[in-house]
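The following note is intended for a colleague who is meeting this structure for the first time. The points are numbered so that each may be checked against the coordinates in turn.

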Amino acid sequence: MTAVTTYSRKRRFARTLRRLTRKIPSLIGLVIAVLFYGWSLVEGILQLIAKYFFYPPYVTPKLAWALLPYDPFEPSFQSTLSPPSFIHLMGTDELGRDIFSRVLYAAPTDAAISIVVVLFGVLIGGLLGLPAGYFGKGVEEVNMRFTDLFLAFPALILALVIEATLGRAVIFAIVALIVVWWPSYARLFRGEMLRIKNQKFIDAALLSGLSDTAIISRHALRASLNTILSYATIDLGNVILVYSILSFLGLGAPPPYPEWGSMVSSGLGYLQEAWWYSFLPGAVITGVVIGFALLGDGIRDILAGEQ
Amino acid sequence: MGLLGYTVRRAFNSVLLIVGTVILTFVLTHIVAPNPAHVWAGPHASATVIQGVIKRYHLDAPWYVQLYYYLIDTFTLDFGVSPYFGQPVSTLIETFYPRTLELDFLAMSLTIVIGVFTGAFAAAHQDRIGDHAVRGFYLLTWSIPPFLVAIILQYFLAYKWILPPGQMADPALALPKPITGLITVDALIEGNWVFFYSSLVHLILPVIALALISFGIITRIMRSSMLDVLKTDYVRTAIMKGVGNRRAVYLHALKNSLIPVITVIALTFAYTIAGSVVIEDIFSYTGMGYLITQSLENFDYPTLIASTIVITISVVVINLVADILYAIVDPRVRLGGGQS
């Protein structure tokens, strides 16, 4: 790669970012996404350090909530179910734990899950979809039939069954989400490949004697990523949404650990006297998902303009 | 290719797909599962129960023998006995599925009505405030978790207002005799007006909740197809002839832009049925969603798998019906060789 292309590529990233800040919806999306991942990164690193470096099981690793206003696990029976105020921004739950702290503590899990699931979805989808579109015929038939098989199930229900089979743990929730997520990417990649296949630069690559693998992995992949990128951004939010449903149904992290979906479900029993318990964690989920949807739309508008 | 040929080919594909999905559940439950006997019997099963399960599902036989029995069982609708409910799973599904279908079909109708009109409205007001408002609305309902929609409705409409917060009908009333299995229809056939009214009132909130979480997809399709149709000559001719603008949009253009909506109807069905798992749980509506959440909570694996298979088969069948409908309405599909 020459210096000029490196330069223009760097510029392109900066330019895309700058253009995202110009429209209010995509700016809101960008801010939400940056806040969410920024916070999750910091808090996630603290949690990992607390877990792996100070691990006597009888001592609570305090480092994990050094930045939070309250200890997310510490019950306080003087202030059970107290409404949102400046002392407790999102109120407290039935054990007097600060809901805002618990919401913040749960963020890194969701951030990690969204990235891992979307990455694997894109990876598997690309591996099956790109060759399907490029070679057509037998390869397409086999790969897309296989994809259709997974698409035939309602995604949520397939995820439930997979997790019920493998066991209830965050890692299996991730596996379940990946299994239901890759098929849509396989379809997308195939469609993109069909569009790209007949363009001149692929002909040029063929004529210059590149192998099929090289054409797919070097040229077609890069060209299709434009479309995939905006979908993947929107999907980061969708994964969080579906994961929150799994966790709402009790398939997420086990009880003492806070999780957005499970907080909503445990608040259900107190809905009439403490609306904030269910609503506010639910509102946080909604906010994050909307943020990614806005950002994804913004990216699509910009990249579509460049093509 | 004629309509008949197209139908036969699509039907054949659907049968293959159904067999494929059943095999996929087999792979999941008998091969991928870390310990199939424990999965089927539940985590706290005693040794004798596990022995029984191994015998029942032939888990000690080679995989192809297991697959053979699994396929036979599935296609004769013999899903075994539910360890939690203590009834044959097929009986359970027979009672619970019609209730969910009732809920889902009402929800789908509402979804389609909302979706079609918001989509048409957005297209008619393209890039103006109406368009943005519709977009904002479906972005919100699209991003909001289904359980939150249900909770909001329950909190504001049921606790603060008059609608019943949950269950299928007033629990003091006796259920009507199962004739069709759809309980409102049964009550109607029986002439049981009290029950009929009660169950209808109880349906309102879950139906609205389901429609709210799934109408966005129809709005999107409808808006883009409406935009295409509005550009066509016949709509312009209609407006030039002096047909009112509103009439041209909501009558002349609307009819033709409905065609692509048919393709997503099956998708909406899959959506509402997945959504009803959560919605039924919150509204304590005893349908498939209740069955699924109960079997999840109580490690009732046979019920869970059977529900999944039955739901998936119905999704495939509805897909098939939608495709055939589409081919009838729009002959270009069949001539195009049926590319998906």
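Predicted model: local features only at pLDDT ≥ 70, side-chain atom pairs only at ≥ 80, totals over all residues.

1. B:Leu77 has 14 C-beta neighbours inside 10 Å and therefore counts as partly exposed. The residue sits in the loop that links α4 (63-75) and α5 (89-124) of chain B. Its backbone deserves a look, as phi of B:Leu77 is near 55°, a positive value in a residue other than glycine.

2. B:Phe299 belongs to the loop between α13 (288-297) and α14 (301-329) of chain B. Because 19 other C-beta atoms lie within 10 Å, B:Phe299 is partly exposed.

3. The overall make-up of chain B is as follows. Its secondary structure comprises 15 helices and 0 strands. The C-alpha trace of chain B spans about 80 × 55 × 40 Å along its principal axes. Of the 340 residues in chain B, 41% are buried. Where contacts in chain B join residues at least 6 apart in sequence, 70% of them link residues at least 24 apart.

4. Chain B is divided into domain 1 (3-75) and domain 2 (89-330). Taken over C-alpha atoms, the centres of domain 1 and domain 2 of chain B are separated by 31 Å. How many residues of each domain are in contact with the other? Domain 1 of chain B contributes 17 residues and domain 2 of chain B contributes 15 residues. On the side of domain 1 that touches domain 2, the elements giving two or more residues are α1 (3-32) and α2 (36-41) of chain B. The largest share of that side, 12 residues, comes from α1(B). By class, this side of domain 1 of chain B holds 9 nonpolar, 7 polar and 1 charged residues.

5. Chain A may be described in the corresponding terms. It has 10 helices and 0 strands, and from the N terminus on its elements run α-α-α-α-α-α-α-α-α-α. Along the principal axes, the C-alpha atoms of chain A fill a box of roughly 75 × 45 × 40 Å. Buried residues account for 45% of the 307 residues in chain A. Among contacts in chain A between residues at least 6 apart in sequence, 67% join residues at least 24 apart.

6. Helix α2 (residues 24-53) and helix α3 (residues 99-135) of chain A pack at an angle of about 105°, their axes being 8 Å apart. The two helices, α2(A) and α3(A), are therefore roughly perpendicular to each other. From α2(A), the residues that meet α3(A) are A:Phe36, A:Tyr37, A:Trp39, A:Ser40, A:Glu43, A:Gly44 and A:Gln47. Their counterparts in α3(A) are A:Leu104, A:Ala107, A:Pro108, A:Ala111 and A:Ala112. The residues of this contact of α2(A) with α3(A) divide into 8 nonpolar, 3 polar and 1 charged.

7. Another helix pair in chain A is formed by α7 (residues 200-207) and α8(A), which pack at an angle of about 150° with axes 11 Å apart. This angle makes α7(A) roughly antiparallel to α8(A). Is the crossing of α7(A) and α8(A) left-handed or right-handed? The crossing of these helices is right-handed. In α7(A), the residues A:Phe201, A:Ile202, A:Ala205 and A:Leu206 meet A:Ile215, A:His219 and A:Ala220 in α8(A). The contact of α7(A) with α8(A) has 6 nonpolar, 1 polar and no charged residues.

8. A:Asp148 lies in helix α4 of chain A. With 19 C-beta neighbours inside 10 Å, A:Asp148 counts as partly exposed. The C-alpha atoms of A:Asp148 and A:Ser184 are separated by 9.3 Å, although these residues stand 36 residues apart along the chain.

9. The final point concerns the contact between the chains. It takes 32 residues from chain A and 37 residues from chain B. Which elements of chain A give two or more residues to the side that touches chain B? They are α4 (137-151), α5 (155-166), α8 (212-248) and α10 (275-306) of chain A. The residues on this side of chain A divide into 23 nonpolar, 8 polar and 1 charged.

Definitions and conventions
Residues numbered from 1 in each chain as written. Chains lettered and ligands numbered in written order. Contact = placed C-beta atoms within 7 Å. Helix = DSSP H or I, 4+ residues; strand = E, 2+ residues; numbered from the N terminus. Nonpolar A, V, L, I, M, F, W, Y, C, P; charged D, E, K, R; others polar. Axes fitted to C-alpha atoms, helices over the stretch in contact; angles between N-to-C directions. Parallel < 35°, antiparallel > 145°, perpendicular 65-115°, else oblique. Left-handed = near helix turned anticlockwise from the far one by under 90°. Domains from an automatic or database assignment. Buried ≥ 20, exposed ≤ 12 C-beta atoms within 10 Å, placed from the backbone.
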